[in-house]
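Student: I'd like to learn how to read strands, helices and cores in a model. Can we walk through one together?

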Amino acid sequence: MSLVHLFDRSRCTENVRLRDGKTLCVRLAASDDAEALQRYFRQLSARSRYNRFLGAISELPASQLDHFVRAGENGRFTVTAAMMVDDRETIVGEARYGFEAETGNFEFGISIDDRWQGQGIGSALLRNLECRAAAMSAHRVFGDTLRSNEAMIALARKSGYAFTRHPDDWRLARFEKPIDPLHRDIPCASRRHLCERRALDATV
């Protein structure tokens, strides 16, 4: 694992102070995050992995992990949330998202390390995703989760998302929220998140 890369605070797009006083570094994943990201997924509980990937897995297949750390591939990106744990920078949450310029839809999935749930990490990641969506001129942010995933449903509801029936799978609930790039509650919708837009434009 390349710890030097993880300790590079200059790459943080956002530094968040958590309820316990720890500082959370939120940034895009890069190719040398693969091992740390895989370790993160392995340490999730079986239930958390099932909720995140809608199926039973113990780790990400190598091909899927490779996609997770390739920013902009197929219009998708991964954001990591990391902080100091036992004197080492450790990934404690992640989100994967994609933007469709034609429809203005911004879709995402999110997970938080079981040991650090309830500390505000999920809310911080969700706010960061909304900033990115606004910077990319998205019109709608949405995600799908299992109806049994009470933690994700509670987070989405607290963050102002409305729930609708999933169009294809009765097991899932869809939550969505309109995004206004000029809204005062999205102060970070600025140029610092436009690297995603540049990456998408480069693939066209």
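This is a predicted model: local features need pLDDT of at least 70, side-chain atom pairs count only at pLDDT 80 or more; totals for chains, interfaces and linings use all residues.

Student: Which residues of β1 are on the covered face, and which on the uncovered one?

Tutor: In β1, residues 14-17, E14 and V16 make up the covered face, while N15 and R17 are on the uncovered one.

Student: How does β1 run relative to β2, parallel or antiparallel?

Tutor: Antiparallel, with four bridges joining β1 to β2. R17, for instance, has T23 of β2 as its bridge partner. Five residues sit between the strands of this hairpin, and G21 has a positive phi near 95°.

Student: On to helices. Which residues of α6 are buried?

Tutor: M152, I153, L155 and A156. These four lie on the same side of α6 because they span an arc of only 165° around the axis. E150, R157 and K158, on the other side, are exposed.

Student: What do the buried residues of α6 pack against?

Tutor: They pack against β5, α5, β6, β7 and β8. Just past α6, G160 has a positive phi of about 90°.

Student: And the cores?

Tutor: In soluble globular proteins, nonpolar side chains tend to be buried together. Here the largest nonpolar core has 35 residues, and L24, Y97, F106, F108, I121 and L129 touch the most other members. Among the elements supplying at least two residues each are β2, β4 and α6, but α5 gives the most, seven. Another core, of 11 residues, lies apart from that one and includes L37, Y40, L44 and F68.

Key: Residues are numbered from 1 along each chain as its sequence is written. Side-chain values use heavy atoms; hydrogens and water are left out. A nonpolar core is a set of buried Ala, Val, Leu, Ile, Met, Phe, Trp, Tyr and Cys residues joined through side-chain atoms within 4.5 Å. Buried means under 20% relative accessible area, exposed over 50%, partly exposed in between (1.4 Å probe, protein chains only). Two strands pair if DSSP finds at least two bridges between them. The arc is that of the directions from the helix axis to the C-beta atoms. Contact means heavy atoms within 4.5 Å.
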